[in-house]
Amino acid sequence: MTEPNSDQVLESTLAVVSNPVYEEEDDQHIDPWTAKGSAKGFDYLKLLRQFGTKPIDETIIERIEKLTNMRVHRFLRRGIFFSQQDLEKFLDHYESGRPVYIYTGRGASSESMHLGHIVPFELTKYLQDAFGCILVIQMSDDEKYYFKGGESLDHFTDLAKKNARDIISVGFNPDKTYIFSNREEMGRGNPGLIDNMIKMASWVGMPEIQSAFGLDRPDKNGSNKTTVGQVLWPICQSIPSYSSSFKFLFSDDALCLVPMAIDQAPYFRVARHFSSASKYLNPACLHSEFLVGLSGRNSKMSSTEAEALPPIFLTDSERIARDKIKPCFSGGGETKKEHIENGGDLTVDVAYLWLTVFLEDDNELEYIAKEYSSGRMMSHEIKKRIADCVVEYLRKHQEARSLVTEEVVAHFFNPRREFDHSRPVREPLILLTKEQYMQQGANFDRNFGCVASV
Ligand code: TRP
């Protein structure tokens, strides 16, 4: 396939920008504030088409392994991160020895993060290790002030610092990670960031922002008026993806990769629109599926949905986590007899869907798929397996979190220190066969050919 020229890129960006994510006639509804799947769950292939992004295929997975000498994270192997933009260009840039960095972020609206929030950060941690590059994390206290409000600015900055403890606990390299409160970053007068803000704000039209985010619909942001802050926010979220926003960290030729959950995609469509129209490098993007909520596959895990089963917080005790998992939506038979006869439906079973996210071992996952879909494994057994997995994750996370002191947080937030820009050197990795790569990423069969007989 030949690369489109920059006019074509701009054209397709424009086409998508003017085509909001939000679609009335669709029962699937995804934007930065709402994520609702149809009864059949989320249709991610449809999103690929709607957003005009590319799947993560076997060719790119092989190339990442070759370049990094590391196996890819299971989220890439299993297609949980399923979509990308300009990842090839990012790899070209890296391969030619030019600088790269990673940018992601978090808007803290409560003290504790839940399991769904941590998925993109787990991939980010792998990416930082694999490419050995600098990571910047935007804690968007101002975003929450604009959209949620009701509290003081200090309140949201405080939440940002508290959430940062959970983020740091994922294991980011302290010499290669800069975390900032967006409010404080502006407050300290980062000149690169502010210049980019002015430049982008003077270029992007209001209608583009309003339509890309559905902000022209009064009900979209939970209030009946769209404020100037809400329209400004997409610019603030975009600019860290341009390396000149961090002159103390990067040269202007550093290329950015942004791992994110798919609901954040509209921000980076606007960001890429501006960069392709100016002399900035287009940030590359990686998009993940949502972690489904415990109530079923058509909603993401969320603390705000009233009818949903409560999410699992990173601070939950083992007992609480196990109790929360027990009532999760099951694809098993109504009765034991029925289950033994028909087997469980892997495509709706939350315990199974979660195992595809949290269980590392493909062989065990395949074994469970076979046993459960054939009715040999019972619902309570698969729920126990995922509960064990989650509890183990929480235990490790909480242990790591107990080591994150105020001083550690202050270190990550400090822009005035030495950062480690060195690239990792690793033994060459023995690559898999073409056939093995063919089964990965977009082609990974998460049900291992097991479809329930119902
Ligand atoms: N808007 C995101 C949220 O509400 C936070 C965020 C800020 C972000 N910058 C980002 C997410 C960059 C992904 C990439 O949580």
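Predicted model: local features only at pLDDT ≥ 70, side-chain atom pairs only at ≥ 80, totals over all residues.
Ala, Val, Leu, Ile, Met, Phe, Trp, Tyr, Cys and Pro are counted as nonpolar, Asp, Glu, Lys and Arg as charged, and the others, Gly among them, as polar.

The largest pocket holds about 1300 Å³ of space. Its lining comprises 45 residues. Pro32, His117, Lys144, Asp263 and Lys300 lie nearest the centre of this pocket. Several helices and strands supply at least two lining residues each. The strands are E2 (34–36), E5 (100–106) and E8 (255–261). The helices are H6 (115–131), H7 (141–147), H12 (228–238) and H13 (265–277). Helix H6 gives the most to this lining, with 5 residues.

The second largest pocket has a volume of about 810 Å³. It is lined by 31 residues. Nearest its centre lie Phe42, Tyr44, Gly79, Glu289 and Arg446. Two or more lining residues come from helix H2 (44–51) and from helix H16 (350–358). Helix H16 gives the most, with 5 residues. The lining of the second largest pocket has 18 nonpolar, 7 polar and 6 charged residues.

Helix H13, which supplies at least two residues of the lining of the largest pocket, also contains Arg272. Arg272 has a relative accessibility of 9%. The cut-off for buried is under 20%, so Arg272 counts as buried. Arg272 and Asn282 are 10 residues apart along the chain. Their C-alpha atoms are separated by 5.4 Å.

Helix packing was examined next. Two packed helices are described by the angle between their axes and the distance between the axes. Helix H8 spans residues 153–168, and helix H19 spans residues 406–413. Their axes come within 10 Å and cross at roughly 90°. Angles of 65 to 115 degrees count as roughly perpendicular, so H8 is roughly perpendicular to H19. On the H8 side, the contact involves Lys161, Ala164, Arg165 and Ile168. On the H19 side, Val408, Val409, Phe412 and Phe413 take part. By class, this contact has 6 nonpolar and 2 charged residues, with no polar ones.

Key: Residues numbered from 1 in each chain as written. Heavy atoms only, no water. 1 Å grid on protein atoms, 1.4 Å probe; cavity = no way out; pocket = protein on both sides within 12 Å on 5 of 7 lines; lining within 4 Å. Points joined across faces, edges and corners; volume = space filled by probe spheres on them. Helix = DSSP H or I, 4+ residues; strand = E, 2+ residues; numbered from the N terminus. Axes fitted to C-alpha atoms, helices over the stretch in contact; angles between N-to-C directions. Parallel < 35°, antiparallel > 145°, perpendicular 65-115°, else oblique. Contact = heavy atoms within 4.5 Å. Buried < 20%, exposed > 50% of the residue type's maximum accessible area, 1.4 Å probe, protein only.
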